[in-house]
There are 6 protein chains.
Amino acid sequence: MSEKVRKLYITRKEHFNAAHKLYNPNWSVEQNNEVFGKCANENWHGHNFDLFVTVKGQPDPETGFIIDLKVLKVIIQEKVIDVLDHRNINLDVPFMKGKMASIENIAVGIWNQIEPHLDKCELHCIKLVETRNNYVEYFGE
Amino acid sequence: MSEKVRKLYITRKEHFNAAHKLYNPNWSVEQNNEVFGKCANENWHGHNFDLFVTVKGQPDPETGFIIDLKVLKVIIQEKVIDVLDHRNINLDVPFMKGKMASIENIAVGIWNQIEPHLDKCELHCIKLVETRNNYVEYFGE
Amino acid sequence: MSEKVRKLYITRKEHFNAAHKLYNPNWSVEQNNEVFGKCANENWHGHNFDLFVTVKGQPDPETGFIIDLKVLKVIIQEKVIDVLDHRNINLDVPFMKGKMASIENIAVGIWNQIEPHLDKCELHCIKLVETRNNYVEYFGE
Amino acid sequence: MSEKVRKLYITRKEHFNAAHKLYNPNWSVEQNNEVFGKCANENWHGHNFDLFVTVKGQPDPETGFIIDLKVLKVIIQEKVIDVLDHRNINLDVPFMKGKMASIENIAVGIWNQIEPHLDKCELHCIKLVETRNNYVEYFGE
Amino acid sequence: MSEKVRKLYITRKEHFNAAHKLYNPNWSVEQNNEVFGKCANENWHGHNFDLFVTVKGQPDPETGFIIDLKVLKVIIQEKVIDVLDHRNINLDVPFMKGKMASIENIAVGIWNQIEPHLDKCELHCIKLVETRNNYVEYFGE
Amino acid sequence: MSEKVRKLYITRKEHFNAAHKLYNPNWSVEQNNEVFGKCANENWHGHNFDLFVTVKGQPDPETGFIIDLKVLKVIIQEKVIDVLDHRNINLDVPFMKGKMASIENIAVGIWNQIEPHLDKCELHCIKLVETRNNYVEYFGE
């Protein structure tokens, strides 16, 4: 077959462990407990988060790579893992200041941390797994 | 950055254990055995089904949530798990009456059970995993 | 180091899908429902069972093998998987006749199916995983 | 075969999400940081803990059960999960008061919470998985 | 509801174990080592590859199937697994001749092996998992 | 309770990707193919190996640790992963010289690499997972 230009998606998985709680500072303790239940526990709880970063692009003819995963790994490490791992998402993470620490908002924050640093390929999806029973996906829309 | 309205996808995973068999009542036993093989075993077989329900929407500014997962969990429990778990899909499940008990048809049936009960967000995908080697996805098309 | 004779354990994982129910024929329906709950559902339910067979022995100096896994695979296939896969454990499985179809009893039955066929090594453990939340181990005691 | 009395092991898996940190109150901040690294982060971090509780006993001839898993589930829920889930292990958990919040010590604490409540079977092992890369096992020795 | 014609996606997972290395024959050893690092190891390295083949179509009213998974399994086995399993991807695989052995290129090669053999349904995605930390997806674009 | 001295087991999981083949240089090609089948493929094949290193000891009263996992990680990295990862086990690994590259022998080799470097705790088990269907355990016997 002729050498059609092809588009593929490559995903790198990383993980981090962090504490957070869900509470809205504009609400009473009672309202927070009613809406967020045990996730509002005053003294925090935490998770092992699995992060999947998916990038879209064309394989380079010289390397066969959409992106060098060693490069992607460094971007994720420096912009995301170093900022979130073994941290308190509500207190320690600059890009979450003033936002609810829901996985939805964390996923959007991670997108914004990574997207400006990609070259010759596009960020396609941030998938953030909070527990074995739930995860969020953000496609930049 | 200005507060762009964003669209995200959140997935809740549940599971149920059920018996079924694959057979077409309009066919002979021989034809059923030929087409469905050991899946046609007269006395049933069964699976641990993993169910992934994905919902699409915008995070609520007050909660950070697309949907409260506690609410989604109750919908899935009442409309799907209570109906399918520890049941015989061919004999015990009203929404499968008169249909082949293939995972394709079970996935469509689960979509129809959940879709009318979502509020302020849309059902995006039903993913139903039958064994570690196969699964079906239905996007409502 | 001098060539000490060493003892190692090797495990082969297989799986099968089967239907069963828990009920004691000496009891009333009510008593069965009370003790076994939804596991007593008259029309059966089922599982994807994961089976881990562990064998103990000394590596053969010519092959490096405790047992040739291709041989172990055939034993498990013929004595266990062919008998249990896509079957009803209560109705279709000779070695479970007259026994409660609990995973405890299935594990002991599997031990008895495999143990006589091993040569130059010993059966060490049958581990049978019924759901992602429970499993049984039997060491022949 | 004659009905030999057999001994088996059954395991129930549960999980909880909690915050903790590693620090020794008798040490300086510097010493804590040196020994515990990022695990000493002042504002906590957290994990999804997977807990495997293994019990040893003989199947009951009437039920085929070593222990009714519904009973074991309730014991684990009330004595362990309700106490640890969505909590801060250092601050909120009575049985960890005055102890380093290492998984070793948490596992021993969980053993002590469950062991007195088992009847007709013995507690065999507490396995506590902290991340996908490390876990602890305690056999009561 | 009236019998709307529905479109679903079904996925079959298979796996193979193979050796490969990353190196560009037009480059010096130094350049290969610089770009590909340990993946350029002269004497090869290898992986357990997980392959997910997703097919799109409409359930057949007689069988409930988009495609008979037994048929899909045979296609994957003959066209992909028999060619790649326990092989050296650089040396032994005809469809990889003259191409960099990156997972991007392997995924495209697998697409081309399977796509011509599907009947009444379309190939939707080839997902190839190389390690627990990275995978590629190709949708035929 | 009084501070009983307790014994626990802690496990660290690491992984490496390597090529190998099974062949006995004292045998003909035919005999190798007959005994080892596709594992004897001349041009190698490979795996993602998961390695579980289990250590036994008493928690230190000051740290709560049996062993500092950061220390154990460095030992495993330097003595095992650096030697095996992205290597050819038959050609590149000093401790496998002259031995069949079976997982049994690799596991014993890993034990010998780690055991002399542990302090205040004992090596208990090397578990080496070659595929999702088989693994070996070695307890130093």
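Q: How many salt bridges are there between chain D and chain A?
A: There are two salt bridges between chain D and chain A, where a salt bridge is a side-chain nitrogen of Lys or Arg within 4 Å of a carboxyl oxygen of Asp or Glu. This is a predicted model, in which local features need pLDDT of at least 70 and side-chain atom pairs count only at pLDDT 80 or more, while totals for chains, interfaces and linings use all residues. Residues are numbered from 1 along each chain as its sequence is written, chains are lettered from A and ligands numbered from 1 in the order in which they are written, and side-chain values use heavy atoms, with hydrogens and water left out.

Q: OK, and which residue of chain A does D:Asp85 form a salt bridge with?
A: D:Asp85 forms a salt bridge with A:Lys38, and their closest N and O atoms are 2.7 Å apart.

Q: How many residues does each chain put into that contact?
A: Chain D and chain A give 24 residues each, with contact meaning heavy atoms within 4.5 Å.

Q: And how much area is buried between chain D and chain A?
A: About 2,000 Å² is buried there, with carbon and sulfur atoms giving 45% of it; buried area is the accessible area (1.4 Å probe) that two parts lose on being put together, summed over both. On the side of chain D, the residues that lose the most area to chain A are D:Asn48, D:His86 and D:Arg132, which together make up 29% of what that side buries.

Q: Switching to chain E, how many salt bridges does it have with chain A?
A: The count between chain E and chain A is one salt bridge, and A:Lys7 forms a salt bridge with E:Glu141, with the closest N and O atoms 3.8 Å apart.

Q: Which strands of chain A and chain E pair, and in what sense?
A: Strand S1 (residues 8-20) of chain A pairs with S5(E) in the antiparallel sense over five bridges. Strands (E, at least two residues) are DSSP runs, numbered from the N terminus, and two strands pair if DSSP finds at least two bridges between them. Within S5(E), E:Tyr135 is the bridge partner of A:Thr11.

Q: What rotation superposes chain E on chain A?
A: A rotation of 120° with 0.0 Å of shift along its axis does so, at an RMSD of 0.0 Å, where copies are superposed by least squares on the C-alpha atoms of residues with pLDDT of at least 70 in both. The two copies are therefore related as by a three-fold rotation axis.

Methods. Helices (H or I, at least four residues) and strands (E, at least two) are DSSP runs, numbered from the N terminus.
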